[in-house]
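Subject: Structure for your files

Hello,

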Amino acid sequence: MKLAVWDPDEPFRRWRDALVQHASELGLAVEVIDATTEPDTQADFALVWKPPAHWLAGQLGLRAVFNLGAGVDAVLPLMHQALPGVPLIRLENAGMGRQMADYVAEAVLHAWRRMADYAALQSAQRWEPLVLPPRGSFHVGFLGLGQMGYAAARRIAAMDFPVLACTRSGQPRPTFEAPWPLYPLDRLDAFLAQTRVLVVLLPLTAQTTGLLDYAVLSHLPRGAHVVNAGRGAVIEQADLLDLLGSGHIASATLDVFATEPLPDGDPLWRHPRVRITPHVAAQTLVGPAAAQVMRKIATIERGEAPSGAVDLRLGY
Ligand code: GLV
């Protein structure tokens, strides 16, 4: 069977070597094609990160498309147009959950230990011990509890911070043990009112684009912190800046932005209470990702449905 890889961010041979190795362990014979140099070769399965629409539209024999990341917003609209009926399957954790948990843990500790306040004191050359908020009342609220949110929430709970979460349905998922207060999205305001650190790990969909605007973010208590490691366009950046300016939001740790790279001169770059990383919170790891994709292909070959299929209607 032929696998086409479209991933401009990773040397092709790394994918090829890992896929061939895992395929042979599963007793499958594969030919792996670099779609960026051989776009016309027809494949049975595609593994993609931000592929161009015209290439995907020309792949008429695909049995499934695997997204080489957790968020499918870059590929989903292309699937609708070009390949209706072909399943889109995302990576499920594949080593990204631990990275995300690390990123969020650092941001929560940064917020709790008042490191933004200490940075301001340092720039004024002031030696001034600050009072810490009690840990037990420093609620960390996860907006979005998918694979990334769940991995990070478990870590934060293990660090003895109280955790709460808000998801589209607010219903517990049978596959996740999440013994935290769960709010549905239509109770977002009540969830935010309880949250000292807001961790945004929502998928980008029609429902979540621009969800966190001035009015909504104002439901956070004064002095709350924001961490966004999901998708930038979920937050109205200008509104976040206004709330940072008024002190309503004490700090932001941002890994994702509406436009990436964050444009030169964007006021977020120089804001003293904003920390910026260039979309690195949880990166795709070739080894675990290739192993997971090959296991799912083996599942499809057996005539079964693999987990991780995207619900095209919900958009994630
Ligand atoms: C990264 O943003 C991903 O979706 O995996």
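Buried here means under 20% relative accessible area, with exposed over 50% and partly exposed in between (1.4 Å probe, protein chains only). The model is predicted, so local features need pLDDT of at least 70 and side-chain atom pairs count only at pLDDT 80 or more, while totals for chains, interfaces and linings use all residues. Residues are numbered from 1 along each chain as its sequence is written, and side-chain values use heavy atoms, without hydrogens and water.

Helix α6

Helices (H or I, at least four residues) and strands (E, at least two) are DSSP runs numbered from the N terminus. In α6, the buried residues are Met148, Gly149, Tyr150, Ala151, Ala152, Ala153 and Ile156. They pack against α4 (96–112), β6 (140–143) and β7 (163–167), contact being heavy atoms within 4.5 Å. Just after α6, aspartate 160 has a positive phi of about 70°.

Ligand site

Around the ligand are Trp49, Gly69, Ala70, Gly71, Met96, Arg231 and His279, each with a heavy atom within 4 Å of it. By class, this shell has 3 nonpolar, 3 polar and 1 charged residues; Ala, Val, Leu, Ile, Met, Phe, Trp, Tyr, Cys and Pro count as nonpolar, Asp, Glu, Lys and Arg as charged, and the others, Gly among them, as polar.

An oxygen atom of the ligand lies 2.6 Å from a side-chain N or O atom of histidine 279. For arginine 231, a ligand oxygen is 2.7 Å from an N or O atom in the side chain. At alanine 70, a polar backbone atom is 2.7 Å from an oxygen atom of the ligand.

Regards

How values were computed. Polar contact = N/O pair within 3.5 Å; in protein donor to acceptor, adjacent residues only side chain to side chain.
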